[in-house]
Amino acid sequence: IGTTFAVRNIDRRTDVTVTEGVVELVDNSSSEQRVLRRVVANEHATVIETRAVAVQEVREEQTARQLAWREGLVKFSGEPLSEAVEQINRHNQRRIIIDDPALATLAVVGSFRANDPSNFAQTVAIALGAHSVDAPDAIHLRQR
């Protein structure tokens with residue numbers, strides 16, 4: 001009661017961010033259902049396939065950025081373009097493809113509508129000195 005948290009599964013990793021209360025991470029692979037770890041407000045836990053749990057304290061603004069999707073936004077504070085595109089693509093059928101590997105490592109900062117990949121691509125292209133190409137198969141980001 002009174003617990004607020006978000007869970008995100010990516011590949012073989014599960015991320016849990018807690019903003020209020022306490023969440024118990026439970027190993028349900030056996031009948032024991034052993035508690036692996038308790039995660040409290042302002043903590044972020046990452047559970048990998050081996051059931052290893054890494055918990056770290058996070059600042060309130062980091063938590064707000066990670067949970068911005070609840071308001072239809074994605075927020076970035078220096079993440080590589082490859083990670084930002086991955087997050088945008090999770091929210092949309094229209095995909096963004098980074099054609100130039102050198103672009104993938106450049107940092108992205110800003111707040112974007114999660115459901116507007118065209119605007120995201122155009123904005124980051126301008127900010128990174130790249131080019132956004134709207135093609136039939138996807139939106140492509142390329143070096144100029």
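The model is predicted, so to speak of local features a pLDDT of at least 70 is needed, side-chain atom pairs count only at pLDDT 80 or more, and totals for chains, interfaces and linings use all residues. Residues are numbered from 1 along each chain as its sequence is written, and side-chain values use heavy atoms, with hydrogens and water left out. The chain has four helices and eleven strands; these are DSSP runs numbered from the N terminus, with helices being H or I of at least four residues and strands E of at least two.

**Overall picture**

- Taken along the principal axes, the C-alpha atoms of the chain fill a box of roughly 55 × 30 × 25 Å.
- Of the 144 residues of the chain, 33% count as buried. Buried means under 20% relative accessible area, exposed means over 50%, and partly exposed lies in between, with a 1.4 Å probe and protein chains only.
- The chain exposes about 8800 Å², and carbon and sulfur atoms supply 46% of it. Accessible areas come from the Shrake-Rupley method with a 1.4 Å probe, and for residues only the protein chains shown count as cover.
- Among contacts in the chain with a separation of 6 or more, 43% come from residues 24 or more positions apart. Contact here means heavy atoms within 4.5 Å.

**The four-stranded sheet**

- Four strands form an open sheet in the order β1-β2-β5-β6, with antiparallel pairing. Two strands pair if DSSP finds at least two bridges between them.
- The edge strands are β1 (4–10) and β6 (53–57), and each pairs on one side only.
- Neighbouring strands of this sheet are turned by 15 degrees against each other on average, direction ignored. Axes are lines fitted to C-alpha atoms, for helices over the stretch in contact, and angles run from 0 to 180 degrees between N-to-C directions.
- Five bridges join β5 (residues 43–48) to β6 in the antiparallel sense. E43 has E57 in β6 as its bridge partner.

- T17 is found in strand β2 (residues 13–20) and is buried, with a relative accessible area of 4%.
- The side chains of T17 and H44 make a polar contact at 2.8 Å. A polar contact is a pair of N or O atoms within 3.5 Å; within protein, one must be able to donate a hydrogen and the other to accept it, and residues adjacent in sequence count only if both atoms are side-chain atoms.
- Leaving aside neighbours within four places in sequence, T17 is in contact with residues including T4, F5, A6, E43 and H44.
- N42 sits in the loop between β4 (34–40) and β5, and N42 counts as partly exposed at 29% relative accessibility.
- Phi of N42 is near 65 degrees, a positive value in a residue other than glycine. Most residues other than glycine have a negative phi.

**The three-stranded sheet**

- An open sheet of three strands has the order β8-β11-β10, with mixed pairing.
- β8 (96–98) and β10 stand at the edges with a single partner strand each, so one side of each is left without a neighbour in the sheet.
- Neighbouring strands of this sheet are turned by 25 degrees against each other on average, direction ignored.
- β8 and β11 run parallel and are joined by three bridges, with I96 standing opposite I139 in β11.
- Helix α2 (residues 81–90) packs on the sheet, touching β8 and β11, and its direction makes about 160 degrees with that of β8.

**D137 in its loop**

- D137 is found in the loop between β10 (130–134) and β11 (139–143), and D137 counts as exposed at 54% relative accessibility.
- The side chain of D137 makes a polar contact with the side chain of H140 at 3.1 Å.
- D137 and I97 are 40 residues apart in sequence and 9.6 Å apart in space, C-alpha to C-alpha.

**Aromatic rings**

- The structure holds three aromatic pairs. Rings of Phe, Tyr and Trp (its six-membered ring) pair if their centres lie within 6.5 Å; planes under 30 degrees apart count as stacked, over 60 as edge-to-face and the rest as tilted.
- F112 and F120 form an edge-to-face pair, 4.9 Å centre to centre with 80 degrees between the planes.
- F112 is buried at 6% relative accessibility, and F120 is buried at 0%.
- Ring pairs link F76, F112 and F120 into a cluster.
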